[in-house]
Amino acid sequence: LVAQGQFRVLKVPLGFIKALQWFFAIFAFSTCGSYSGMFRIAVDCKNKTYSDLRIEVEFEYPFRLHQVYFEAPTCMGPEKQQVFLVGDYSSSAEFFVTIGVFAFLYSTAALSIYVFFFDKYKENNKGPLIDLGVTGVFAFMWLVSSAAWAKGLSDVKTATDPDKVITMIPACEAEGNHCREVHDPVVSGLNTSV
């Protein structure tokens with residue numbers, strides 16, 4: 001079957017653009033869908049025995065941050081308090097990944113038709129018109145999902161900013177206790193996905 005393929009169609013704009021769509025679809029959904037991040041904060045209590053200088057908070061796709069929590073010292077004894085992050089950004093992230101996966105599948109199917117059945121594709125106008133319509137729909141859906149995910153990513157960055165998370169720890173408001181960020185989350189992969 002591979003020997004019968006017309007791979008020269010990948011040199012013309014029709015095939016080349018579809019190959020680029022295929023590549024970017026993989027890149028987009030993989031950078032977002034496989035993400036896991038972490039940040040660290042330190043709570044230095046007035047009474048040093050209750051301090052915790054290595055609080056590690058991990059989060060990941062699909063960014064249901066309201067389900068992510070960590071244990072923070074109360075600075076009044078050995079007991080700890082659960083602190084939850086804020087926000088659920090799963091809808092925009094999942095929408096973006098879903099569009100990426102469907103675009104990948106459609107590009108794969110279209111490239112297969114171009115390579116193995118290009119003569120039948122050119123026989124009548126229905127194939128190119130359907131291809132144009134579906135590609136136009138995907139272009140619009142990419143625009144919408146990228147805009148939604150860009151806003152969701154901005155909110156994820158805000159919700160996982162250690163300086164903002166520190167304000168949610170009651171012990172950090174007490175006089176004599178010092179809280180600071182130790183490590184910011186690395187979101188360069190998510191920036192790339194958008």
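Lys-48 is exposed, with a relative accessible area of 55%. Exposed means over 50% relative accessible area, buried means under 20%, and partly exposed lies in between, for a 1.4 Å probe and protein chains only. This is a predicted model, in which local features need pLDDT of at least 70, side-chain atom pairs count only at pLDDT 80 or more, and totals for chains, interfaces and linings use all residues. Residues are numbered from 1 along each chain as its sequence is written, and side-chain values use heavy atoms, with hydrogens and water left out.

Stay with Lys-48 for a moment. Lys-48 sits in the loop between strand S1 (36–44) and strand S2 (52–60). Strands (E, at least two residues) and helices (H or I, at least four) are DSSP runs, numbered from the N terminus. The side chain of Lys-48 makes a polar contact of 3.1 Å with the side chain of Asp-44. A polar contact is a pair of N or O atoms within 3.5 Å; within protein, one must be able to donate a hydrogen and the other to accept it, and residues adjacent in sequence count only if both atoms are side-chain atoms. Asn-177 is 129 residues from Lys-48 in sequence, but their C-alpha atoms are 9.4 Å apart in space.

Now turn to another lysine. Is Lys-18 buried or exposed? Lys-18 is buried, because its relative accessibility is 3%. Lys-18 belongs to helix H1. Its side chain forms a polar contact of 2.9 Å with the side chain of Thr-135. Beyond residues up to four places away in sequence, Lys-18 touches Tyr-106, Ser-107, Ala-110, Leu-111, Tyr-114, Asp-131 and Thr-135. Contact here means heavy atoms within 4.5 Å.

Helix H1 also holds Ile-26. Ile-26 is partly exposed, at 28% relative accessible area.

Ala-103 leads us to the largest pocket. Among the residues lining this pocket are Gln-21, Phe-24, Ala-103, Tyr-106, Thr-135 and Trp-142. A pocket is found on a 1 Å grid over the protein atoms alone: it is an open set of points with protein on both sides within 12 Å along at least five of seven lines, and lining residues have an atom within 4 Å of a point. Which helices supply at least two residues each to the lining? They are helix H1 (13–33), helix H2 (90–116) and helix H4 (126–159). The lining has eight nonpolar, three polar and no charged residues. In this count Ala, Val, Leu, Ile, Met, Phe, Trp, Tyr, Cys and Pro are nonpolar, Asp, Glu, Lys and Arg are charged, and the others, Gly among them, are polar.

Next comes the interior. In soluble globular proteins, nonpolar side chains tend to be buried together. The largest nonpolar core here has 34 residues, and Ile-41, Phe-59, Phe-63, Phe-70, Leu-85, Trp-149 and Ile-169 touch the most other members. H1, S1, S2, strand S3 (69–73), H2, H4 and helix H5 (162–166) each give this core at least two residues. H4 provides the largest share, four residues. A nonpolar core is a set of buried Ala, Val, Leu, Ile, Met, Phe, Trp, Tyr and Cys residues joined through side-chain atoms within 4.5 Å. Take Ile-169 as an example. Leaving aside neighbours within four places in sequence, Ile-169 contacts Ile-41, Val-43, Phe-70, Ala-72 and Val-83. Apart from this core lies another, of seven residues, including Val-9, Ala-110, Leu-111 and Phe-118.

Phe-63 is in the loop between S2 and S3. Phe-63 counts as buried because its relative accessibility is 0%. Its phi is near 65°, a positive value in a residue other than glycine. Pro-62 lies in the loop between S2 and S3. A cis peptide bond joins Tyr-61 and Pro-62, with omega about 15°.

Cys-75 also has a phi near 65°, a positive value in a residue other than glycine. Cys-75 is in the loop between S3 and strand S4 (80–84). Its relative accessible area is 14%, so Cys-75 is buried.

We finish in helix H6 (residues 188–193), where Ser-193 is found. Ser-193 is buried, at 7% relative accessibility. A polar contact of 3.0 Å joins its side chain to that of Trp-149. Not counting residues up to four places away in sequence, Ser-193 touches Ala-28, Thr-31, Cys-32, Phe-96 and Trp-149.

Technical notes:
1 Å grid on protein atoms, 1.4 Å probe; cavity = no way out; pocket = protein on both sides within 12 Å on 5 of 7 lines; lining within 4 Å.
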